[in-house]
Amino acid sequence: MKKLTWILILVFVASLLWWGFAISQEKPKVVAKSTASEKADTTKAKEHAYVGVGKCGCHKMKTWGNILEKWAATKHAGAYTRLAGEKAKAVAKDLKIENPQKSDKCLVCHVTGHEASAKLKGEKYSVEEGVTCEACHGPAGDYLKSHSKKDNAKQAAADGLMKPAEEGCVKCHNEKSPTYKEFKFKEAIKLVEHHKPTKEELEKAKKAEGK
Ligand code: HEC
Ligand code: HEC
Ligand code: HEC
């Protein structure tokens, strides 16, 4: 009787081992499958997360030409708020849209990254901020770290930092806008332009302040 129990246990253990072996043999197939799908995925552009204007705070410094302040003074910063105004309501009414601040048909151009999935919107992302830095410079979730290092320009680009240009502007400044005014890039850029001041410009600004 004792012997039989041992034999049964042995058979059981042996079959377990065999089962384990069989599964381990199957693994390569599974691995092969997943690498194939990963390969397919790399052909898609990498997605980067939106982090919100607060994370671009370094650029409020004078040495950066007060870029943050300058942006805040443009219409882009109020693009979402504007959707609650009388004119927006009138435009929306004609199109039978009840609330422009809730309609994809308006938000697609009046906030940043509207079409990005929710998982790509960081904690600090807010529609209230309107058309932000990231609408023109690309979602900053990944390049936030790499873009501040000069020797890392390539990495920053791979991480999603874009060079803003007319092609980017006309994704929103086009005839699909119900209030479309002809977009003249050369004139428009002057109204939203910002740059890092040169040494001379900084000197000039200092003198103007009487320092
Ligand atoms: C994500 C969409 C989007 C992008 C990208 C965008 N804009 Fe705009 N822009 C808007 C919206 C929306 C308004 C209107 C905001 C408002 O009036 O509340 C606006 C307003 C403006 C205005 C003010 C227009 C006026 O009538 O006073 C200028 C100038 C302008 N944009 C220039 C640019 C330039 C130049 C670029 C590219 C470098 C650009 N925009 C990229 C959406 C965008
Ligand atoms: C294709 C992009 C786009 C869409 C979609 C869009 N807008 Fe705009 N909107 C703009 C741009 C760009 C401007 C600024 C320049 C202009 O009017 O052409 C603007 C300006 C405005 C203005 C200010 C116009 C002024 O003269 O002061 C209002 C109000 C407005 N939009 C409301 C809406 C409403 C409401 C919707 C949804 C029904 C909407 N927009 C959809 C891009 C868009
Ligand atoms: C409407 C589009 C738009 C928005 C919004 C925008 N920028 Fe820019 N930004 C530009 C353009 C265009 C340039 C000039 C690019 C060039 O010359 O290559 C630029 C240049 C810059 C530069 C480089 C300056 C230099 O001289 O080296 C920095 C930094 C920058 N932007 C930061 C910001 C920050 C921070 C915000 C938000 C607070 C912001 N931008 C919002 C379009 C935009």
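Around ligand 2, both α3 (86-94) and α4 supply at least two residues each to the shell, with helices taken as DSSP runs of H or I, at least four residues long, numbered from the N terminus. α4 gives the most here, with 5 residues. This is a predicted model, in which local features need pLDDT of at least 70, side-chain atom pairs count only at pLDDT 80 or more, and totals for chains, interfaces and linings use all residues. Residues are numbered from 1 along each chain as its sequence is written, while chains are lettered from A and ligands numbered from 1 in the order in which they are written.

Staying with ligand 2, there are 24 residues around it, of which Pro100, Cys106, Cys109, Lys176 and Ser177 come nearest; a residue counts as near if its C-beta atom, placed from the backbone, lies within 6 Å of the molecule. The shell divides into 13 nonpolar, 6 polar and 5 charged residues, where Ala, Val, Leu, Ile, Met, Phe, Trp, Tyr, Cys and Pro count as nonpolar, Asp, Glu, Lys and Arg as charged, and the others, Gly among them, as polar.

Let's move on to ligand 1. α4 (104-110), α5, α8 (166-169) and α9 (185-192) each bring at least two residues to its shell, and α9 gives the most, with 4. Of the 20 residues around ligand 1, the nearest are Ala79, Arg82, Cys169, Cys172 and Leu191. By class, this shell has 12 nonpolar, 5 polar and 3 charged residues.

That leaves ligand 3. Here α2 (67-72) and α5 (133-137) each supply at least two shell residues, with α5 giving the most, 4 residues. Among the 19 residues around ligand 3, His59, Cys133, Cys136, His195 and Lys196 come nearest. The shell around ligand 3 splits into 11 nonpolar, 6 polar and 2 charged residues.
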